[in-house]
Amino acid sequence: MNFFPNYYSIEDIFVTQEKVECKVNTKLQRMGFLDAGAEGDDLEPGRSINLPLWYIKELKVNNAYFTVSVPDIYKNVHKAVCEAETTHIELGRLHPYFYEFGRYLTPYDRNHVIGRIIFETMRQRVRHLLDISKNDGQMAKSELRLDNIETKLHEAGVRTNTQYINWLQMTGNKILISELVEEHQKKRKRDRSDDEGDSLPSSKRVTL
């Protein structure tokens with residue numbers, strides 16, 4: 001299993017717990033426990049069952065046994081993608097992990113629809129993300145209902161823009177001399193003082 005971004009990622013656990021509708025393609029003996037509405041011990045062809053994403057990955061579906069159905073959230077976004085109006089979609093309401101969920105589903109999409117949808121959605125929305133990141137952004141973020149990845153990009157954009165403005169206005173930290181250069185300057189001052197002391201007349205020198 002591909003734990004992204006790492007094994008202990010809570011976000012990854014949330015995404016892979018999501019249930020996806022799968023269609024049974026052939027009779028599966030003694031697998032009826034997967035369908036709460038099954039009348040017998042076997043799964044009959046044509047039945048639709050909901051399986052968590054992590055279980056689908058382990059079963060390696062989309063073969064002779066199961067076919068994964070494209071979730072409605074991606075079908076609903078498809079029209080907006082075609083009309084280039086994705087900036088008006090509240091992705092967070094459709095799914096809090098819109099892009100990550102789609103990334104996991106892409107290998108099971110025979111028609112290659114999900115991959116195109118999440119790519120075009122991000123491509124169309126990224127410019128708008130940059131624009132709202134130039135503002136303080138709290139109001140804009142709540143209105144747009146960004147998904148998890150977009151929220152992180154927005155926060156990073158606001159942070160970077162703030163640092164850039166501070167740099168332009170010279171309100172950030174001043175450039176400091178490195179310790180190596182500072183030590184070298186101190187050594188030169190000591191050497192200069194010693195040279196000046198050696199050049200004094202002997203009558204003005206202090207004898208210890």
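Tutor: Let us begin with the contacts. In the protein chain, 62% of the contacts with a separation of 6 or more join residues 24 or more positions apart. Please keep in mind throughout that this is a predicted model.

Student: Which pattern does the protein chain follow when read along the sequence?

Tutor: The order is α-β-β-α-β-α-α-α-α-α-α-α. That gives nine helices and three strands.

Student: How much of the protein chain is made up of buried residues?

Tutor: Of the 208 residues, 30% are buried. The protein chain exposes about 14,800 Å², and carbon and sulfur atoms supply 53% of that area.

Student: How far apart in space are V68 and D109?

Tutor: Their C-alpha atoms are 7.1 Å apart, although 41 residues separate V68 and D109 in sequence. V68 belongs to strand 3, residues 66-68. With a relative accessible area of 11%, V68 is buried, because buried means under 20%.

Student: Let us turn to the aromatic residues. By what is a pair of aromatic rings described?

Tutor: Two quantities are used: the distance of the centres and the angle of the planes. A search of the whole structure finds six aromatic pairs here. One of them joins Y74 and F98, with ring centres 4.9 Å apart and planes at 35 degrees.

Student: Why is the pair of Y74 and F98 called tilted?

Tutor: Planes under 30 degrees apart count as stacked and those over 60 as edge-to-face, the rest being tilted. The angle of 35 degrees between Y74 and F98 therefore makes the pair tilted.

Student: Which parts of the protein chain does this pair tie together?

Tutor: Y74 lies in helix 3 (residues 72-82) and F98 in helix 5 (residues 98-105), so the pair ties together parts that are 24 residues apart in sequence. Y74 is buried, at 0% relative accessibility. F98 is likewise buried at 0%. Y74 and F98 also belong to one aromatic cluster with Y99 and F101.

Student: How does the pair of Y164 and W167 read, by distance and angle?

Tutor: The pair of Y164 and W167 is stacked, with 6.4 Å from centre to centre and 25 degrees between the planes. Both residues lie in helix 8 (residues 148-168), three residues apart, about one turn of the helix.

Student: Which residues make the nonpolar surface patch?

Tutor: Y164, I165, W167 and L168 make this patch, which covers about 450 Å².

Student: What is the distance in the salt bridge of R93 and E90, and how exposed are its two residues?

Tutor: The side chains of R93 and E90 meet at 2.9 Å, N to O. R93 is exposed, at 58% relative accessibility, whereas E90 is partly exposed, at 27%.

Student: Where do E100 and R103 lie?

Tutor: Both E100 and R103 lie in helix 5, three residues apart, about one turn of the helix. Their side chains form a salt bridge with an N to O distance of 2.8 Å. E100 is buried, at 10% relative accessibility, while R103 is partly exposed, at 31%.

Student: Over which ring does the charged end of R103 sit?

Tutor: The charged end of R103 sits over the ring of Y104, 4.8 Å from its centre.

Student: With which residue does R123 form a salt bridge?

Tutor: The partner of R123 is E120, and the closest N and O atoms are 2.8 Å apart. R123 and E120 both lie in helix 6 (residues 113-133), with a spacing of three residues, about one turn of the helix. E120 is partly exposed, with a relative accessible area of 23%.

Note on methods. Residues are numbered from 1 along each chain as its sequence is written. This is a predicted model: local features need pLDDT of at least 70, side-chain atom pairs count only at pLDDT 80 or more; totals for chains, interfaces and linings use all residues. Side-chain values use heavy atoms; hydrogens and water are left out. Rings of Phe, Tyr and Trp (its six-membered ring) pair if their centres lie within 6.5 Å; planes under 30 degrees apart count as stacked, over 60 as edge-to-face and the rest as tilted. Helices (H or I, at least four residues) and strands (E, at least two) are DSSP runs, numbered from the N terminus. Buried means under 20% relative accessible area, exposed over 50%, partly exposed in between (1.4 Å probe, protein chains only). A charge sits over a ring if NZ of Lys or CZ of Arg is within 6 Å of the ring centre and within 35 degrees of the ring normal. Patches are made of residues with over 30% relative accessible area and no salt bridge: like charges are joined within 9 Å, nonpolar side chains (Val, Leu, Ile, Met, Phe, Trp, Tyr) within 5 Å. Accessible areas come from the Shrake-Rupley method with a 1.4 Å probe; for residues, only the protein chains shown count as cover. A salt bridge is a side-chain nitrogen of Lys or Arg within 4 Å of a carboxyl oxygen of Asp or Glu. Contact means heavy atoms within 4.5 Å.
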